Amino acid sequence: MRRNTTLMAVAAVALLGAACGGKSSPNSSPPPPQATGGSPSASAPCSASGTSLSITAKNTAFGVNCLAAPANQAFTIVLDNQDSGTQHTVSIYTDSSGSQALFKGDPVTGPAMHTYMVSALQAGTFFFRCDIHPTRMFGTFVVGP
Ligand SMILES: [Cu+2]
């Protein structure tokens, strides 16, 4: 009996050690985009061409990592969700923290196309993501000039 409890204690310690050690390694997945830095004019990764935007979602990934819209004009985003039975959204946030939404898109279950109507935004470099898969589907959202 005493021997058993000792063994269990050892096993518990070993499990704890394994849990702690294993936690740091698989964390090497996608780093957040470098949307920080206070100079949006420096080098925008994409620029606006009209008020009709479109993006595909396939295999839980967006087809582009940058979207752009003109400043101070309402625009549309067509989401082409090609993932059968999977929900995706397009939402726009002030930055990659996702704490302040400029636009929240409703979930769309694929396969389906959905057109989001987005109100005019001021110029700036923002962030978009799928709210269902925020760590796998995101990118830079450029507005303006
Ligand atoms: Cu998604």
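Two strands count as paired if DSSP finds at least two bridges between them. With that in hand, Ile55 stands opposite Leu79 in E4. The model is predicted.

## The open sheet

An open sheet holds 4 strands in the order E2-E1-E4-E9, with mixed pairing. E2 and E9 stand at its edges, each with a single partner strand, so one side of each lacks a neighbour in the sheet. The pairings are listed here.

| Strands | Sense | Bridges |
|---|---|---|
| E1 and E4 | parallel | 6 bridges |
| E1 and E2 | antiparallel | 2 bridges |
| E4 and E9 | antiparallel | 7 bridges |
| E3 and E11 | parallel | 4 bridges |
| E10 and E11 | antiparallel | 6 bridges |

Strands of a sheet pair through backbone hydrogen bonds, either parallel or antiparallel.

Facing residues can be followed across the sheet. Ala57 stands opposite Phe62 in E2. Ile55 faces Leu79 in E4. Leu79 in turn stands opposite His114 in E9.

E1 and E2 form a hairpin with 2 residues between the strands. There, Asn59 takes a positive phi near 55 degrees.

Which side chains of E1 are buried? Leu53, Ile55 and Ala57 are; they point to one face.

E11 is largely enclosed by the rest of the structure, because 6 of its 6 residues are buried. E11 pairs with E3 in parallel and with E10 in the antiparallel sense. Phe141 of E11 is the bridge partner of Leu67. Phe141 is also the bridge partner of Phe126.

Phe141 belongs to the largest nonpolar core, which has 23 residues. The residues with the most contacts inside this core are Phe62, Phe75, Ile77, Ile92 and Phe141. E1 (52–58), E3 (66–69), E4 (75–81), E9 (112–118), E10 and E11 each supply at least two residues. In soluble globular proteins, nonpolar side chains tend to be buried together.

What does Phe141 touch, beyond residues up to four places away in sequence? Its contacts include Leu53, Leu67, Ala69, Phe75, Ile77 and Ile92. Gly124, Thr125, Phe126, Phe127 and Phe128 are also among them.

## Aromatic pairs

The whole structure has 5 aromatic pairs. One of them is Phe62 with Phe128: the ring centres are 5.4 Å apart and the planes lie at 50 degrees, so the pair is tilted. Phe62 lies in E2 and Phe128 in E10, so the pair ties together parts that are 66 residues apart in sequence.

Phe103 and Tyr116 form an edge-to-face pair, 5.7 Å centre to centre, with 75 degrees between the planes. Phe103 sits in E7 (residues 101–103) and Tyr116 in E9, so this pair links parts that are 13 residues apart in sequence. Phe103 and Tyr116 are buried.

Phe62, Phe75, Phe128 and Phe141 form one aromatic cluster.

## The copper site

Which residues coordinate the copper ion? His88 (ND1), Cys130 (SG), His133 (ND1) and Met137 (SD) do, at 2.0 to 2.7 Å. The 4 donor atoms subtend angles of 87 to 131 degrees around the copper ion, which makes the arrangement tetrahedral. Along the chain, the donors follow the spacing H-x41-C-x2-H-x3-M.

His88 and His133 link distant parts of the chain, 45 residues apart. His88 is in E5 (residues 87–88). His133 is in the loop between E10 (124–129) and E11 (138–143).

Are these two histidines buried or exposed? His88 is buried, with a relative accessible area of 0%. His133 has a relative accessible area of 18%. Buried means under 20%, so His133 counts as buried too.

## Around Thr109

Thr109 is placed in E8 (residues 108–109). Thr109 is partly exposed, with a relative accessible area of 41%. Its C-alpha atom is separated by 4.2 Å from that of Gln87, although Thr109 and Gln87 are 22 residues apart along the chain. Leaving aside neighbours within four places in sequence, Thr109 is in contact with Asn81, Gly85, Thr86 and Gln87.

Terms used
Residues are numbered from 1 along each chain as its sequence is written. This is a predicted model: local features need pLDDT of at least 70, side-chain atom pairs count only at pLDDT 80 or more; totals for chains, interfaces and linings use all residues. Side-chain values use heavy atoms; hydrogens and water are left out. Donors are N, O and S atoms within 2.8 Å of the metal (3.2 Å for Na, K and Ca); water is not among the atoms, so sites may look incomplete. Four donors count as tetrahedral if all angles lie between 85 and 135 degrees; four count as square planar and six as octahedral if opposite donors are over 155 degrees apart and all others between 65 and 115; anything else is irregular. Buried means under 20% relative accessible area, exposed over 50%, partly exposed in between (1.4 Å probe, protein chains only). A nonpolar core is a set of buried Ala, Val, Leu, Ile, Met, Phe, Trp, Tyr and Cys residues joined through side-chain atoms within 4.5 Å. Contact means heavy atoms within 4.5 Å. Rings of Phe, Tyr and Trp (its six-membered ring) pair if their centres lie within 6.5 Å; planes under 30 degrees apart count as stacked, over 60 as edge-to-face and the rest as tilted.
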